[in-house]
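Work through the exercises below with the sequence and the structure at hand. Each task is followed by its solution in steps.

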Amino acid sequence: MIVRLAFASLLARALTVAMTILAIALSVTLFLGVEKVRTGAKASFADTISGTDLIVGARSGSVQLLLYSVFRIGNATNNLTWESYQDIAERPEVDWIVPISLGDSHRQFRVMGTTAAFFDRYKYRSGQSLNIQDGAVMEDLFDATIGADVAQTLGYAVGDPIVVAHGLASFAEHKDQPFRVSGILAKTGTPVDRTVIVSLEAIEAIHVDWQSGAQIPGQSTPVDEIRQMDLQPQAVTAALVGVKSRLQIFGLQRAINEYPQEPLLAILPGVALQELWQIVGIAETALIAVSAMVIVTAMIGMMATIFSSLNERRREMAIFRAMGARPRVILSLLVLEAALMAALGALLGLVLLYLGLWVAQPLIDSAFGLWIPIEMPNMRELWVLLGVVCAGVIVSMVPAIRAYRLSLADGMMVKV
Amino acid sequence: MEKRDHILEMNDVFYRWPGRASFALAVSDLRVAPAETVLLLGESGSGKSTLLSLICGTILAQSGSVHVAGADIGALSAGKRDRFRAEHIGLIFQQFNLLPFASVRDNILLPLRFAPDRAGRVPMPEAEATRLCRDLGLPDEIAQTKAGTLSVGQQQRVAAARALIGTPPLIVADEPTSSLDAATQATFLDLLFAQSRVHDTALLMVSHDARLADHFDRVIHMADIAQTTRGAE
């Protein structure tokens, strides 16, 4: 009966109560939403590259190698010579190997030279392959396949010519050899979206007339002549390696790291991604802190609502007292009320979250390449909801204790 | 032994409100016999509210004794006093008696929630609530209505039903008719008297309206039993 009365009392103040519940619900939605985005981002991040067992490059740090080979951030300090590349490729453990050659750019996007195998071997989000959205994978020497962001930002369509610049943010352009957009990749949410992919030979081809980072004055080899040339690269930036058996990963890694002819580094992409996330992850802590603050704000809002309702409800409390309710009942009534509001807020927040996810999931995926799975709430989320109810109870103690004092002083007579 | 004879007995009670605006009330002698109906006449400010609070045990006398149904109120702990009030006293106020958001039935049944013995005397509370409503001239279907939507006259009858349920030995009414018009007043009082007679309940009504005197067994003037002092000590 007391619960029913508490409910009826809440209903009687439906508007303010609804606002309070809505505030709690929105804060809960925000908090859980941030959680979802955070875990989704973490999962997407960890899934930036999958299916690759080792990444090989010149010896540097593992995070650095990961950054430039996968995320196209920063530069390689050194290259991997073609001989070393061949040596690794011929090792018995190696199932496949894909070379990557970086160093040039087109507008603000990196250009990556690789082989056609890249499109088969590069996997993201638990084994998903790259898809061509428009056109086809490059076939000709001067064909380029571009990522979805490149196409969107620069407004490129299949067949458009593009000119590759030497180095990054450089004015020296490889004007002699314009490329043609042969295909546009579908959005992946990985750095591939922001990459112009050409063949390994194409990288060599545009550097035919170049030496030590500068064009040889007056020299310009005709395109036809270039096509006849042997465009075997001298070096590549890094290589993605797949092994025949997962058991061989560590053995191969060790062998590469101890390769006598050249200082090399082989990394496990998963491990390096974890290391990198630990650095990036500071932002997630900040996000959680901010959304926790929002919950605290909503709780204080509820406390204020209960406080302001106390005066108009002194009569109600006096009636309870006159009927023989102990002041303790008044206290528990208010706490119960707060718990009800917090619980309703938490539930509504959960509903809003799933509603929001259901609507926004495809939008977020296409806009940011971030896939947020819609699943049953996990234990952590249930704990958050429980925490909200508990916080509501704790916060409501402040006005409840005041009501307790008031009802002790007022007794059955209210002089209002 | 003598105390057993009276449902209410106050002896040499003195109470002073704490705080600066000191107001003190002294009651030398007030007795109400079981099933007796007593009208306590007094102007506003004559200490009626304080007297009622003393009887109900929400405040305690600094000296003297208050006995209700044979029990010394002052000797009970705060929690026991609340329970005791719920068990033995039905209360009707001047106005704003009911929880406006709750149904009439819930309002009537509310005191039973805090008085297990009283609830024990009502095996079928909902039927009893309906019966009381009917006896007090309220329509049957009113039980589900929200109390806040009733007229003042109806609300006072619901308050009477709430005071009567579970037949407490004493009903204390604080100007229950002052918010009603003359015709409604008479009907209300008739119904209240009829019910308290049926249940052998004593009725102590506080009012400033001497015209009500005819209805009661006995009329006591506040001035005859109590002295009030105001101002500085």
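**Salt bridges and the contact between two chains**

Over all chains, the count of salt bridges comes to 25. The model is predicted.

**Exercise 1.** Find how Glu35(A) and Arg38(A) are joined, and state whether each is buried or exposed.

Step 1. The side chains of Glu35(A) and Arg38(A) form a salt bridge, with 3.3 Å from N to O.
Step 2. Both belong to helix H2 (residues 14-46) of chain A, where a spacing of 3 residues puts about one helical turn between them.
Step 3. Buried means under 20% relative accessible area. Glu35(A), at 5%, is therefore buried. Arg38(A) has 13% relative accessibility, so this residue is buried as well.

**Exercise 2.** Which residue of chain B forms a salt bridge with Arg321(A), and in which helices does the pair lie?

Step 1. The partner is Asp82(B), and the closest N and O atoms are 3.0 Å apart.
Step 2. The pair crosses between chains: Arg321(A) lies in helix H12 (residues 314-322) of chain A, and Asp82(B) in helix H2 (residues 78-88) of chain B.
Step 3. Arg321(A) is buried at 3% relative accessibility, and Asp82(B) is buried at 4%.

**Exercise 3.** Describe the salt bridge between Arg83(B) and Asp117(B).

Step 1. The N to O distance between the two side chains is 3.6 Å.
Step 2. This pair links distant parts of the chain, 34 residues apart: Arg83(B) is in helix H2 of chain B and Asp117(B) in helix H4 (residues 116-120) of chain B.
Step 3. Arg83(B) is partly exposed, with 35% relative accessibility; Asp117(B) is partly exposed too, with 48%.

**Exercise 4.** Describe the contact between chain B and chain A by its residues, area and polar pairs.

Step 1. Chain B brings 26 residues to the contact, and chain A brings 22 residues.
Step 2. The buried area between the chains is about 2300 Å², and carbon and sulfur atoms give 72% of this area. Phe101(B), Asp106(B) and Phe114(B) supply 27% of the area that chain B buries against chain A, more than any other three residues.
Step 3. Across this interface there are 2 salt bridges. Residue pairs in polar contact between chain B and chain A number 4.
Step 4. On the side of chain B that touches chain A, helix H1 (48-56), H2 and helix H3 (104-114) of chain B each give two or more residues. H3(B) gives the most, with 7 residues.
Step 5. By type, the residues on that side of chain B are 14 nonpolar, 5 polar and 7 charged.

Note on methods:
Residues numbered from 1 in each chain as written. Chains lettered and ligands numbered in written order. Predicted model: local features only at pLDDT ≥ 70, side-chain atom pairs only at ≥ 80, totals over all residues. Heavy atoms only, no water. Salt bridge = Lys/Arg side-chain N within 4 Å of Asp/Glu carboxyl O. Helix = DSSP H or I, 4+ residues; strand = E, 2+ residues; numbered from the N terminus. Buried < 20%, exposed > 50% of the residue type's maximum accessible area, 1.4 Å probe, protein only. Contact = heavy atoms within 4.5 Å. Buried area = accessible area lost by both parts, 1.4 Å probe. Polar contact = N/O pair within 3.5 Å; in protein donor to acceptor, adjacent residues only side chain to side chain. Nonpolar A, V, L, I, M, F, W, Y, C, P; charged D, E, K, R; others polar.
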